Amino acid sequence: MSWSLRDLFPYIAAAACVAALSYAISFGTIPRADFTFINGTEIQSIDPSVVTGVPEGRIIASVFEGLYRLAPNPDDPSVLEPQPAMAEKHEISQDRRTYTFHLRPSANWSDGSAVTADDFAWSWRRFLHPEIAARYHYQLTDYVVGAAKFNSGDVQVGDRVEVELRDRLNPDQPFPSGTILPGVLEEIITGPVPEFDDDDDTRKKADARWRDGWVFRVQIKSEKDGVVAWDEPGTTYTFCRSDRPNSTSLSEKVRSCHLVLPHFAETVGIRAIDDRRFQVQLKNPTPYFLDLAAFYPLFPVNRRCVEKYGYPNWTRPENIVHNGPYKIEFRRIRDRIRLKKNPLYWNADSVRLNRIDAMAVQSSTTQLNMYMNGLVDWATDVPQSMIPELVKREDFISAPMLSTYFYRFNVDRPPLDNSKVRQALNLALNKRELCEQVLRAGQQPARSLCPPGMALYRPPQCETYDVEKARQLLSEAGYPGGKGFPRLEILYNSSDNHRIIAEVIQQQWQQNLSIADIDITNREWNSYLEDVQQQQYVVARAGWVGDYNDPNTFLDMFVSDGPNNNTGWSNAKYDQLIDQAKSAANPNQRMSILRDAEAILLEDMPIVPIYFYVSINMVRPHVKGFHANIQDLHPLQFLQVDKVLH
Amino acid sequence: MTFLVNRLVWMVITLWIVFTVSFFLMRSVPGGPFHSERNVGPEVERNLNARFHLNDPLHKQYWDHLVRTAMLDFGPCYKLMDFTVAEVIAQGFPVSASLGIFALVFAFSLGVTAGVVSALYRHSWMDRSFMTAATVGIAVPNFVLASLSIMVFVFQLQWFPAAGWGTLKQIILPALCLGAPFAAYIARLSRTGMLEVMGQDYIRTAFAKGLSQRQVVVRHALRAALLPVVSYLGPATAGILTGSLVLERIFALPGMGSHFIEAALQRDYLLAMGTVLVYTCLLFLMNTLVDLSYSVIDPRVKLTSKS
């Protein structure tokens, strides 16, 4: 036995090598794509309802299409605006709160069927469904009547509700849903409230389990041909999500159900009037609603496909049904996604590129290497240290971006609870030096939270660099000459760029204000987020990219107890102004209200704005149709390659 | 045979221990898979956690996970949501495996050749230069070597592409960079081993009988000299697995190393657990093969402890 094994050993080793070799070169047999670009990290999913990232957005916007789409303005390509896509036109009611979209007759899915208003109604319902847990839910819940209520599953006694029985085809898949019974909620029996631990994590879990054990008494109404007899009397049943209700003293039979939600059609202002017309009811006039409709979270998915295959199988290239300019040919995780032109797309004639490769490369150095080596046509990120060299090149495209880099102050922690201290820290920051000496890609120092470039909005400006005034304010606050100033700690998420900026700021504060004790500390991304969201920091680095072209996306963050506030700052007048702006009909008046709000923010300074980002792209000269814009969005369907120059 | 059964039992035990330690370690790190800069609000977080059973008490989660893993159902990924853990590993493993095999083969062949030549021509210029190169190879980290080779071979000489996976050209540079430190170490080991063997009596006998140097070295001396090298292959595999993490990022290779790092950073518990278990299996297997090969290479070694 050992004799033959000993002899065979080198042959086994040789066979392993040959196998490895043939596997390694098997990938190389695919034809080259027309256009290759780097998409950053591997996308989390191609389902528009569950993701939030920019790389995901690029792929989703190529494979799906919404009511409107963001496209370059024909007169000024550096401006992106919503243009009719699946909808060929829309109407807005007199009070500017009801939008009616008319779908294009030529809009169809890749399986040949037409895109109907029902597709949108179903997709948006799915998007709002609590089990989908869409992170971008606020794109609808902030604006559409009843959307927040449905999304949070908030049912009150007397509400019209829908009960989903526990008879789903596949219990793990929310769609296709089980039998849905309409009814009116008569009573909620919550049972005894359990003891909650101090620990945040166990408390959340215990809370979730307690809610699962609630018992709902619902008067189920009869339904015929889609019409519910709300006014007729019905039969009362009791339902519970868990097998073990909290309250054990019930005499009647408790039926098991998946969910008790507000009745969608009765609560939420989303409906399909007929096959071609889709209507949305907003809480307030929202001037940027078309931008929202053109943004990928609100893109539709095909109901038959999702219900047949379930998630995630419906996303596979062989199963997926989509309506966008491209389809997915194959996906290799952390290698590339290959997109191929969709011949059934309504505007297929305008799509020039046949095959596109979206490569997932994380390291910015490797990206640059691949671009310089001719392997890719468009690189989306370069190492910070190379920027001064690259700025001189023709193919280096940078433009101001709708995003701000700022530092958060924990206003609950002294000495930062004193607004004079915060203002002094702002005045002692030489932002221009930071932009010109350290960043060097054309970033502009920020004197407001909202970046410039949004139509009709001119942000108020905070005080500029003034060391004398800073020192004076610091003395007034009780720390003359920086004496007795408690320790400051600047927190940032691990990255060379953030570290360099933090070091410069530390140095500036030390020098200008004579504050001796400033530390900088870094955490890996998830830990950093945890610390910021729990307000376990003193000063923390932050960045924010605008979701849509309107100041509200920035200013909305800092309402009292807003989920993205995280500073502890609360100002009633600010909250009032932000709310007021939502219902202001006149756009100029609205911008003026928002301006007043931002002025309060900048006066009180719970955050210190530092600089406005610039988008950085490197694009080969043979690529046409690429235009820099403030949202740094470059839909692939508008790009083309000049074969002559290639 | 009993040897193999014995090893199998130990592998299962090792896997279970690794599973348990990893499980509790991962859960004890701050942050969860559903953290993001845009805070979602308690209801959404609750629903996300409910979907993946993260609201259950910890011991229940542990038990569920253990049972499913034992049945080879590794579960879905939290972050690469369109794929299951098994699919991600199935795509990434062959890439890392071929890279690793190339690197090992390169390390082995270059290292042994250099070491044997150095031993035979001790103190010559070849010996000195090989050993110096070996010291440098051991000392320089593989990513520094990668950067240097990219500068030279990709941009100056333009022999290889910068990154990516798919053609023969694309695999050579990463394999070389990955294997170089191990080649260096193997060179030193085989040199020492060779020197030791060449001083043995039976080698003297072979020469006395009139065999040529080549026959003596290849037929008789090499096998014994390779023993230290073979025993090093176990740790070398471990080193190649960890070394590939950095190189996969530099050369944009879609291997398991990339999946592993990202899973850890993104708190994708299930994917991280899957890759940890695969690595454990691999190392265990490699060490077992190494032990088996002793009996193949050296007839004096018996596997069981009966003798």
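**Two chains, one predicted model**

Chain B and chain A bury about 6,000 Å² between them, 55% of it on carbon and sulfur atoms. Buried area here is the accessible area, with a 1.4 Å probe, that two parts lose on being put together, summed over both. The size of an interface is often given this way, as accessible area lost when the parts come together.

A word on ground rules. This is a predicted model, where local features need pLDDT of at least 70, side-chain atom pairs count only at pLDDT 80 or more, and totals for chains, interfaces and linings use all residues. Residues are numbered from 1 along each chain as its sequence is written, chains are lettered from A and ligands numbered from 1 in the order in which they are written, and side-chain values use heavy atoms, without hydrogens or water.

Back to the interface. On the chain B side, 65 residues are in contact with 70 residues of chain A. Contact means heavy atoms within 4.5 Å.

How many salt bridges are there between chain B and chain A? The count is three. A salt bridge is a side-chain nitrogen of Lys or Arg within 4 Å of a carboxyl oxygen of Asp or Glu. Glu524(A) forms a salt bridge with Arg267(B), and the closest N and O atoms are 2.9 Å apart.

Over all chains, the structure holds 38 salt bridges. Take Glu252(A) and Arg217(A): their closest N and O atoms are 2.8 Å apart in a salt bridge. This pair links distant parts of the chain, 35 residues apart. Glu252(A) is in the loop between β11 (235–240) and β12 (254–262) of chain A, while Arg217(A) is in strand β8 (residues 215–220) of chain A. Helices (H or I, at least four residues) and strands (E, at least two) are DSSP runs, numbered from the N terminus.

Now chain B. Its secondary structure comes to twelve helices and zero strands. Its C-alpha trace spans about 85 × 60 × 30 Å along the principal axes.

Look at two helix pairs. Two packed helices are described by the angle between their axes and the distance between the axes. Axes are lines fitted to C-alpha atoms, for helices over the stretch in contact, and angles run from 0 to 180 degrees between N-to-C directions.

First pair. Helix α6 (residues 142–156) of chain B and helix α10 (residues 227–250) of chain B have axes that come within 9 Å and cross at roughly 30°. So α6(B) and α10(B) are roughly parallel to each other. Angles under 35 degrees count as roughly parallel, over 145 as roughly antiparallel, 65 to 115 as roughly perpendicular and the rest as oblique. Which residues of α6(B) make the contact? They are Asn142(B), Phe143(B), Ala146(B) and Ile150(B). From α10(B) come Gly243(B), Val246(B), Leu247(B) and Ile250(B). By class, that contact has six nonpolar, two polar and no charged residues. Ala, Val, Leu, Ile, Met, Phe, Trp, Tyr, Cys and Pro count as nonpolar, Asp, Glu, Lys and Arg as charged, and the others, Gly among them, as polar.

Second pair. The axes of helix α9 (residues 213–225) of chain B and α10(B) come within 4 Å and cross at roughly 40°. Therefore α9(B) and α10(B) are oblique to each other. Arg223(B), Ala224(B) and Ala225(B) of α9(B) meet Leu227(B), Pro228(B) and Val229(B) of α10(B).

Last stop, chain A. A cis peptide bond joins Tyr311(A) and Pro312(A), with omega about 5°. Pro312(A) sits in the loop between α9 (303–309) and β15 (326–332) of chain A.
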